[in-house]
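Okay, thanks everyone, I'll keep this quick. Have the model up on your screens, and we'll walk through it piece by piece.

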Amino acid sequence: MDRIGVFICQCGPTLQEALDMPALARETGRLKDVVRVERVSVLCAPDVSPALVETIRTHAINRVVFAGCSPREHEETLRGIMVAADLNPFLMQVANIREHCAWTIRDRMQATGKARALIQGAVERVRHHRPLEAKKIDAWADVLVIGAGMAGISAARTLAQEDRRVFLVERSACIGGKVARYEDLYPDSSCAACLIEPDLDTILHDDRIEIITLAQVEDLRGRPGSFSVSVRQAARWVDADRCLGCTACTDACPVKMPDPIRADAPRCAAIGLPYAGALPHVAMIDRHRCLRAMGESCSICQDACPFEAVNYDQPDTYRELSVGAVVVATGFQGFDPDREDRYGHAERQDVITADAFERLANASSPTGGRIVTADGRVPQCVAFVHCVGSRTDAFNAYCSGVCCLAAFKHAQQVKRQSPETIVHHIYADLCLPGQAGQRFFDRFQKQPGIVFHRMVRPGAVRIDPRAATPVIHVTGVDGCEERVEADLVILATALEPEEDTDQMAKRLDIELDPDGFFKAHHPVTAPVQSSRDGIYLAGCCQGPKDIPASVAQGQAAAGCILQRFTPGGTITLDPVVARVDPDLCAACRTCLALCPCGAISRDEETPTARAEETLCRGCGICAAGCPSGAITVDHFSRDALHAEINGLFDLSGD
Amino acid sequence: MTEFDPTIVALLCNWCAYDGADAAGRSRLAIPHQIREVRVMCSGQVDPSTVLKAFAAGADGVLVLGCRPGDCHYRTGNREALKRMRLLQAVMAATPIHSQRLRTDWISAGEGDRYRRMACDFVLEIQALGPVNPKGRH
């Protein structure tokens with residue numbers, strides 16, 4: 001027999017003013033099976049719990065309705081009271097008489113009337129609750145890190161140091177991300193390779209870290225502590241265990257394509273290292289260029305390889321990984337200036353992006369790191385245009401935060417190679433954050449031959465696409481136009497989400513922020529947590545940031561995981577999950593297509609649908625779609641909802 | 001003649017719409033007292049029988065409110081809800097319950113004011129429609 005207790009919270013003085021508490025308690029007391037109604041000053045106060053437990057025991061209450069604030073506020077606190085009273089924590093229901101009554105309805109009578117209806121709804125619903133047990137299952141402590149740039153590597157290293165097994169999935173053929181191809185780092189122009197390569201080497205030789213290059217996450221199912229991840233690894237067509245990166249294949253390859261950044265550079269082959277010094281130091285075949293991949297019978301590289309490493313039969317492989325947590329560190333891409341014709345980037349070889357400049361200035365570039373114009377001359381005059389694609393409603397409203405300092409670093413690189421070169425900075429505002437930013441700038445601008453031009457707003461420039469050398473027309477703060485001539489123009493492009501970030505968000509089932517980056521669970525208090533529990537974010541995929549911040553986020557994400565998922569640990573499953581009644585199930589497969597979590601499978605023997613409780617997240621989409629009404633989500637069953645609705649209208653359940 | 005005072009059942013998804021309604025409360029916005037909120041895990045959990053149950057119990061209007069398109073906590077639930085409710089509205093056209101009495105819409109967590117506007121508009125619309133069945137009702 002139901003013995004229902006109703007505890008009405010007065011939330012200090014708050015609810016008493018808005019609601020007629022004595023009337024509310026009196027009328028609630030008349031409801032069927034309600035054996036006790038008590039007004040409590042503050043339900044969530046820690047010292048209140050023992051008194052409530054005592055009341056529950058004294059009156060042999062077996063189901064409880066708490067009326068007070070939103071269940072989103074204190075449902076867990078109230079479940080604690082249930083447990084303390086030796087009742088199953090799911091045999092209770094919350095009536096939201098604060099946010100939905102006292103705080104939103106000005107008329108006291110009307111507010112009280114609605115509160116009474118909400119409480120009656122909760123009383124009717126609580127009868128239908130079943131005791132639910134939160135099961136514990138073994139948690140996996142292995143971790144998937146997606147993206148082997150600075151943030152991903154930092155996370156992987158931190159995790160491996162604590163003996164966690166890490167799967168490091170990287171889309172490209174090598175690790176180190178964009179920074180591995182930088183020459184210098186600001187603020188002190190330290191050598192990027194010297195700082196990063198030892199880390200990359202450690203990662204490569206750490207047997208706790210498995211690097212899976214040329215790979216993409218295709219699907220992820222499950223919950224924190226037990227994610228199943230499908231990964232597809234594209235064939236390299238080169239056996240990584242045999243190849244030493246000698247480049248005999250590259251020399252032999254008959255394909256010679258233009259270099260993507262330098263038309264005058266030695267031509268690129270279809271096989272070779274992604275770039276000189278790439279790690280792992282293993283060649284790969286670019287199947288968009290390879291003659292054999294296009295159906296011809298060429299096998300020149302196979303014949304040329306002294307180690308028999310080339311293997312055209314190597315298939316794409318699929319892996320199923322079981323991990324407890326995921327770090328997403330997929331980085332950023334630079335704004336594409338061809339989206340606007342004002343920069344003349346599509347037409348002019350002497351207008352390049354910051355990213356192209358990094359590659360040009362890198363020792364492994366076709367020019368050997370010499371900063372020269374498209375026709376190979378040392379530039380007399382270099383211009384940097386700031387805020388390209390940043391701080392404009394047309395593209396990205398935000399400030400990318402790192403491009404100003406990067407532009408000064410690039411200018412410093414120019415100055416070091418050719419001190420006589422005049423450097424122009426065309427800017428709207430300068431962003432020099434942190435302890436080092438202003439100092440770096442002050443030091444930089446003291447040099448001779450540095451000229452600043454302030455534009456009225458970001459993007460207030462136009463570069464003539466046809467003039468013999470680039471001429472930049474700058475609209476200044478006074479509205480007048482100024483001409484700046486240069487031999488080489490570098491565009492300080494915005495940091496944007498990688499182009500397939502939205503696809504990745506769908507596959508991982510995590511949210512994006514309005515700018516298209518992966519959304520932090522909370523931008524201030526939970527910056528490395530994604531919107532989905534167990535999936536963490538690090539680096540520029542969460543928003544533009546500099547290298548130290550990316551490294552710190554990688555370590556922070558790793559720290560969260562280390563603290564939460566320990567080898568041999570368990571995770572508690574939320575018992576609010578779907579159950580299939582095999583007697584009603586017609587095995588029509590409707591639910592299989594509806595389930596967003598991949599939790600429902602078809603048991604071919606019976607045959608009926610089966611919901612896997614470790615994967616189910618309790619949304620109830622299947623239950624609402626089942627034509628036979630065979631699926632129930634505990635705690636949110638059809639009967640329970642119907643009873644609540646009846647209660648709202650003062651109709652008893654029978 | 002007194003003004004028709006309807007009762008409206010609002011089925012709110014736990015992650016966005018319910019939080020949006022809470023946000024209205026936190027901001028002390030005036031919400032019509034005619035709205036009765038019911039929390040579901042997802043708008044995709046609302047099956048047509050639950051909506052019909054609400055009308056049968058005496059509701060003059062039903063709101064099914066989920067996360068904004070693309071923001072569903074379970075990815076596809078609000079889309080499923082929209083499909084089902086559209087179908088239900090087509091069926092309702094053949095009944096004395098006007099299909100305008102059922103509305104599916106989106107409220108993100110924190111959009112208290114949007115919730116307030118939606119609730120006020122819907123109450124006015126239902127008031128204009130009058131009671132479902134003025135003769136047969138208790």
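Let's start with a helix pair in chain A: α7 (residues 150–161) and α15 (residues 547–564) have axes that come within 7 Å and cross at roughly 35°. Axes here are lines fitted to C-alpha atoms, for helices over the stretch in contact, and angles run from 0 to 180 degrees between N-to-C directions. Helices are DSSP runs of H or I with at least four residues, strands are E runs of at least two, and both are numbered from the N terminus.

Which residues of α7(A) meet α15(A)? On the α7(A) side you have M150(A), A151(A), G152(A), S154(A), A155(A), T158(A) and L159(A). Their counterparts in α15(A) include I547(A), V551(A), G554(A), A558(A) and L562(A). Contact means that the C-beta atoms, placed from the backbone, lie within 7 Å. By class, this contact has ten nonpolar, eight polar and no charged residues. For the classes, Ala, Val, Leu, Ile, Met, Phe, Trp, Tyr, Cys and Pro are nonpolar, Asp, Glu, Lys and Arg are charged, and the others, Gly among them, are polar.

Quick housekeeping. This is a predicted model, so to speak of a local feature we need pLDDT of at least 70, and side-chain atom pairs count only at pLDDT 80 or more, while totals for chains, interfaces and linings use all residues. Residues are numbered from 1 along each chain as its sequence is written, and chains are lettered from A and ligands numbered from 1 in the order in which they are written.

Zooming out to the whole of chain A: there are 18 helices and 32 strands. The C-alpha trace spans about 95 × 65 × 45 Å along its principal axes. Of the 654 residues, 46% are buried, where buried is 20 or more other C-beta atoms within 10 Å of a residue's own, exposed is 12 or fewer, and partly exposed is in between, again with C-beta atoms placed from the backbone. Among contacts with a separation of 6 or more, 71% are between residues 24 or more positions apart.

Chain A is divided into domain 1 (4–132), domain 2 (143–225 + 320–331 + 504–564), domain 3 (235–315), domain 4 (334–496) and domain 5 (578–634); those bounds come from an automatic or database domain assignment. The C-alpha centres of domains 1 and 3 of chain A are 71 Å apart.

Next, a sheet. Four strands of chain A make an open, parallel sheet in the order β2-β1-β3-β4, and two strands pair if DSSP finds at least two bridges between them. Why do β2 (34–40) and β4 (92–96) of chain A each have one side without a neighbour in the sheet? Because they stand at the edges, each with a single partner strand. On average, neighbouring strands in this sheet are turned by 15° against each other, direction ignored. Inside it, β1(A) (residues 4–9) and β3(A) (residues 63–68) pair over five bridges, with V6(A) bridged to V65(A).

Two helices lie across that sheet. α3(A) (residues 49–58) covers β1, β2 and β3 of chain A, at about 155° to β1(A). α6(A) lies across β1, β2, β3 and β4 of chain A, at about 165° to β4(A).

Another helix pair: α12(A) (residues 403–417) and α13(A) (residues 434–445) have axes within 11 Å, crossing at roughly 35°. That crossing is left-handed. The residues in contact are L405(A), F408(A) and Q412(A) from α12(A), and G437(A), F440(A), F441(A) and F444(A) from α13(A). They split into five nonpolar, two polar and no charged.

Q412(A) turns up again, as S189(A) touches both D184(A) and Q412(A), leaving out residues up to four places away in sequence. S189(A) lies in the loop between β8 (184–185) and β9 (190–191) of chain A.

Last stop, chain B. The contact takes 40 residues from chain A and 37 residues from chain B. On the chain A side, α18(A) gives the largest share, seven residues. By class, that side has 19 nonpolar, ten polar and eleven charged residues.

Definitions and conventions
Left-handed = near helix turned anticlockwise from the far one by under 90°.
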